[in-house]
Amino acid sequence: MNKFRREIAALPRDARDTLFLLSVIALIVLPQAENLPWWCTAITAMVLVWRGTLAVDARPLPSKWWRAGLLVLAVAATFATHRTLLGRDPGVTLVVILLALKTLELRARRDAFVLFFLGFFAMLTNFFYSQSLMTAFTMLLALLGLLTALVNAHMPVGKPPLMQAARTASWMALLGAPIMLALFLLFPRFAPLWGTPSDAMAGRTGLSNTMRVGTIAELALDDSIAARIKFDNDRAPPQSQLYFRGPVLTQFDGREWTALPPWARGAQSSANLRTSGAPVRYEITLEPNHRPWLLTLDAAQSAPEAPGFEVTGTPDLQWIANRPVSDLVRYRAESYTQFLSGPTRQTGALRPYLALPPGLNPRTAALAAEMRAQPELANADTAAFVRAAMQRLRTGGYTYTLEPGVYGANTADEFWFDRKEGFCEHIASAFVVLMRGLGIPARIVTGYQGGELNSVDDYWILRQSDAHAWTEVWQEGMGWVRVDPTAAVSPGRVGQFQRLAPQPGLFAGAIGAMSPTLAQNVRAAWEAVNNSWNQWVLNYTQSRQLNLLKSIGFEAPSLEDLAYVLLYLLVGASLAGAAWTLWERSQHDPWLRLLGQARTRLAKAGLKVPETAPPRQMAAQAEARFGPAAGAVRDWLLKLEAQRYAKASPASLAALRGEFRRLNWSALTPPR
């Protein structure tokens, strides 16, 4: 490491500064690697390495034909990848490529300034994809790096140490922090003010309005966070009642379940929700999923309070927003865990919940007929058939697994009679097919079940691995009743912390092997910190801005009041900055100021020296005028000159200032 530092220090300033700037650019681009096309990341890395090699070896930069060729290639590759040059993804790709190619013509300070500000813009594009705490921290380091390079570029003389430029850059950032905080707190927020187009299906999207057998099994391996829930007064229901409702699936083609189309859903009767017991009040922070639904605990009687969204309910108790959730959203809701819904008598609206694809799953249909023929079930109601099916699941050797294998066209038949294993979607699908075969209206509900409590901040965390599918069956006189057939196969999946989890990574696995408690605590602490970032930064909404004005005395604050407060603060900050600048201008160099004070004392003693006289000349004139009495003053003036110009001065400016105050200036009298 010391050898490496010596080699870097031995480089010419241009090479050293170029390597530092290339390192900052790499830090800016690195978080974008997963969002950029692979060729963009590869070309950017190769160009940065190439430019660094040219700087170290002091070789000439490539000709304009090389740069033009690379630019044409990059633009063509961007168009071929995205089929357009407009929009977020192609725009970010071009910005990154241009940033890298600009380093190949980094000759003069003007080129460096263009590169600096292009780097600032590229740094902002990281927030198009993620506003997480880690992204913000990385970009803060990149910001300090760019400011350091910018300050260093304004130091043209010699070879100033980068640490000196870094201290100046940090001080500049610190001075700008109050203005940044004021703008964050008080700049009026509109929901939404602006946005960037995003790919609706890019990355993980959580649940879907369709369910193909095997889909949720793959989702269970995703350990990322889907939502966080804070219950009022920390009064959470039992974990077995934590069912967070998502899409309700009705139509079945033998392999795939889909929701009813809007026109068919609108023809249904109202939800007819009937609740009992005390309500549960809570706040949900929903991660972006690019879907329009808002999760609620089963079942919410009124629409969630989601600022910036228009929320409507459906007859199947789902809440739909007027636009997809593409950013972090926080909303409040109130639910009843004891409820019934739907019609209590047979109606035509129940027909879609009896439909089955013709010709498929014949053995399940035969099983339904066999159950109907059993004497004890001859005149049974829905509840009796549900109990019989659940008993079959408990005692028939069925297992809950993430690897059930590939199912054929008759998925229900294979589950009930052949494989006898599956994840919640296999179990729920086979159960609904059997219920419909028995003539009982049934449907699948997807969402999340359970979750875990973070003991650090008392938030409940729903992960993608908590994604679940359960069923609802219709019962005469009651309506829709929840039945979770997975609980019969694997009771630990519902109501306990027994989840099928992905294998931990190398680092997490090593920590877990040494101390499982330590790994769990570290993870909880990190997620609590991320949650605080989400709650206080990403979810700082217009309503919270107005509440801030209420706390400082506004009775009925408005956006106009918010703008006036911000304006007053900015004007005050500008006046304070102007006053500081005037004061700074009135303050000379501390060394020159101390020299001026010595000149003033000599003038009072009767010796006037020119304004341009250096300390050595002043010392000689004082000794010639006052004789031996000026010995101490002469020595002090020589020390002052040495402090300014000597390579290694024994006295600091503060020590000289103290010695100046102790000098006996009144003893300076001309000899007789």
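Leaving out residues up to four places away in sequence, N152 touches R13, R16, D17, P160, L162 and A165. The model is a predicted one. N152 sits in helix α7, which spans residues 133-153. Its relative accessibility is 3%, so N152 counts as buried. The side chain of N152 makes a polar contact of 2.9 Å with the side chain of D17. A165 is 13 residues from N152 in sequence, yet the two C-alpha atoms are 5.5 Å apart.

The packing of helix α7 against helix α8 (residues 162-186) was examined next. The two axes come within 8 Å and cross at roughly 115°. The crossing of α7 with α8 is right-handed. On the α7 side, the contact involves L144, L147, T148, V151 and N152. On the α8 side, the residues are L162, A165, A166, T168, A169, S170, M172 and A173. By class, this contact between α7 and α8 has 9 nonpolar and 4 polar residues, and no charged ones.

At the level of the whole chain, the secondary structure comes to 23 helices and 20 strands. The chain has 672 residues, of which 44% count as buried. Among contacts between residues at least 6 apart in sequence, 72% join residues at least 24 apart.

In soluble globular proteins, nonpolar side chains tend to be buried together. The largest nonpolar core of this model has 41 residues. L393, W416, F431, L434 and M435 have the most contacts inside this core. Two or more residues come from each of α11 (362-373), α12 (382-395), α13 (411-419), α14 (424-437), β16 (442-449), β19 (467-475) and α15 (486-489). Helix α14 gives the largest share, 9 residues. Leaving aside neighbours within four places in sequence, L434 is in contact with T364, L367, A368, M371, A389 and W416. Another core, of 39 residues, lies apart from the largest one. L21, V92, F116 and L146 are among its residues.

Helix α13 was then considered in terms of burial. Its buried residues are T411, A412, D413, E414, F415 and W416. The elements that cover them include β4 (251-252), α11, α12, β15 (421-422) and α14. Just after α13, K420 takes a positive phi of about 55°.

Strand β16 holds Q449. With a relative accessible area of 0%, Q449 is buried. A polar atom of the Q449 side chain lies 3.0 Å from the backbone oxygen of Q239.

Several backbone features fall in loops. R83 is not a glycine, but its phi is positive, at about 65°. R83 lies in the loop between α4 (64-82) and α5 (88-102). Its relative accessible area is 66%, and the cut-off for exposed is over 50%, so R83 is exposed. N361 also has a positive phi, near 50°, and is a residue other than glycine. N361 is found in the loop between β13 (338-340) and α11. N361 is buried, because its relative accessible area is 4% and buried means under 20%. The peptide bond from D298 to A299 is cis, with omega near 0°. A299 belongs to the loop between β9 (296-297) and β10 (311-313).

Notes: Residues are numbered from 1 along each chain as its sequence is written. This is a predicted model: local features need pLDDT of at least 70, side-chain atom pairs count only at pLDDT 80 or more; totals for chains, interfaces and linings use all residues. Side-chain values use heavy atoms; hydrogens and water are left out. A nonpolar core is a set of buried Ala, Val, Leu, Ile, Met, Phe, Trp, Tyr and Cys residues joined through side-chain atoms within 4.5 Å. Buried means under 20% relative accessible area, exposed over 50%, partly exposed in between (1.4 Å probe, protein chains only). Helices (H or I, at least four residues) and strands (E, at least two) are DSSP runs, numbered from the N terminus. Contact means heavy atoms within 4.5 Å. A polar contact is a pair of N or O atoms within 3.5 Å; within protein, one must be able to donate a hydrogen and the other to accept it, and residues adjacent in sequence count only if both atoms are side-chain atoms. Axes are lines fitted to C-alpha atoms, for helices over the stretch in contact, and angles run from 0 to 180 degrees between N-to-C directions. A crossing is left-handed if the near helix is turned anticlockwise from the far one by less than a right angle, and right-handed if clockwise. Ala, Val, Leu, Ile, Met, Phe, Trp, Tyr, Cys and Pro count as nonpolar, Asp, Glu, Lys and Arg as charged, and the others, Gly among them, as polar.
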